[in-house]
Amino acid sequence: MDNNASYNRIYSTPELSLVIKDLALTDAGVYLCHGEEGQETENKFNYRIEPIFKEHGVSYTEQGNVTEWEKYREMHLASVTMRFAVSQMHEIAEIREVGITLQVISEWMPWGPCEHCVLKRGYRTRVGKCRLKRQVNMTVANKSDSFVVKFFRRCPSLPCKAILLEEQFPGVSSAIRHLPEFILKEPCKKCPRVKKVKGRRFKYIKRFVLAEGAYLTVVCPESTMDTQVSWKKDSITLEKGIRRSFRKLDPEARMIVDAFGTLYLIDVSTHEEGNYTCYIDKVNMMQLKVIVIPKAKLLTQEFLRHLGYLGFILLLCSFCYCSGLIYTWRQRDKFIVANQKNNAIGEDEETPLTD
């Protein structure tokens, strides 16, 4: 034991809390705590610590209301309990012979707070832990001095994933070890008041829209030679003097922060777009949003824009042409009269003179 309690694996704090670091199988057992002298009768508590198997990957749980829990109990818990009652497996039959009856139950944890509130209505949850509970027939058990009786007298209830159960009774453990736990949901109205916390805003907010392949240089505002400047891209810290690229298998650097805290973006692509933030002496200074438009999209937009111009010109020309045709059609009588006058004048000129 070290004089500094925090260096020990097991120690108690000045607030009389028990701390166990790196829990081992040898730490399993019953821990007793009681009050000061004269109070050990009223303030007396027993805690059983039981190591369980560590979950690898995503643990499977079921959830729902009381009706869905009844279906869960019949499918998972009651079926295994019935199996323990009738199974002829040597290990389970030996347990029944000494007066021990095994039952799989849900041990309910306390209710959580009212969450996911909409219009002051939400729901609260509590977890039903899978437990193996034993019942002892004292008439039969008192006649036996076997290890099974001694074990279950010491352990009235065990987690379904208990390591100790796997070591002593592997057949029982294999039947209940992978049973899912149940999360019970219940509507609630007592929604806690949520205090609005003002976020740490940035002093400067900028936005750049760049074409693919463009270059950009940005200096953090109010930075000097004596200030400490740091940059982040989408919560990823950009170290000074380190060239980096967010593209896969890219030998060239696309992003640089020099020793003076200036950000350089080189030959940008969609991999370089995102939210950039700069801090001066750990103070939020500027938030920069970079948007990169691919060349194909940019050329398509240019083509569509010029196509729109050409369409407008053709539409205007068509309108003028049609207007001219309509005007000519409405004035067709004047053109006919003019032709008749011209013909009359021509006939007068051709008439010969006579004496």
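Predicted model: local features only at pLDDT ≥ 70, side-chain atom pairs only at ≥ 80, totals over all residues.
**Entry 1. The C130 link**

I first looked up the torsion of the link between C130 and C160: with -70° about the S-S bond, this link is left-handed. I took a disulfide to be a pair of cysteine sulfur atoms within 2.5 Å. Strands (E, at least two residues) and helices (H or I, at least four) are DSSP runs, numbered from the N terminus. Both C130 and C160 are buried; buried means under 20% relative accessible area, exposed over 50%, and partly exposed in between (1.4 Å probe, protein chains only).

Residues are numbered from 1 along each chain as its sequence is written, and side-chain values use heavy atoms, with hydrogens and water left out.

**Entry 2. The other disulfides**

I searched the whole structure and found three disulfides. One of them joins C114 to C188, with the sulfur atoms 1.9 Å apart. This link is right-handed, with 90° about the S-S bond. C114 lies in the loop between β6 (100-108) and β7 (115-118) and C188 in strand β10 (residues 181-188), so parts 74 residues apart in sequence are tied together. C114 counts as buried at 10% relative accessibility, as does C188 at 12%.

I then looked up C220 and C278, which are joined with an S to S distance of 2.2 Å. Their link is right-handed, with 75° about the S-S bond. It connects distant parts of the chain, 58 residues apart: C220 is in the loop between β12 and β13 (229-233), and C278 is in strand β17 (residues 274-280). C220 is buried at 1% relative accessibility, and C278 is buried at 0%.

**Entry 3. C322**

C322 counts as partly exposed, at 40% relative accessibility.

**Entry 4. Strand β12**

I looked up the faces of strand β12 (residues 216-219): L216 and V218 form the covered face, T217 and V219 the uncovered one. Four bridges join β12 to strand β16 (residues 262-265), and the two run antiparallel; strands pair if DSSP finds at least two bridges between them. V219 stands opposite T262 in β16.
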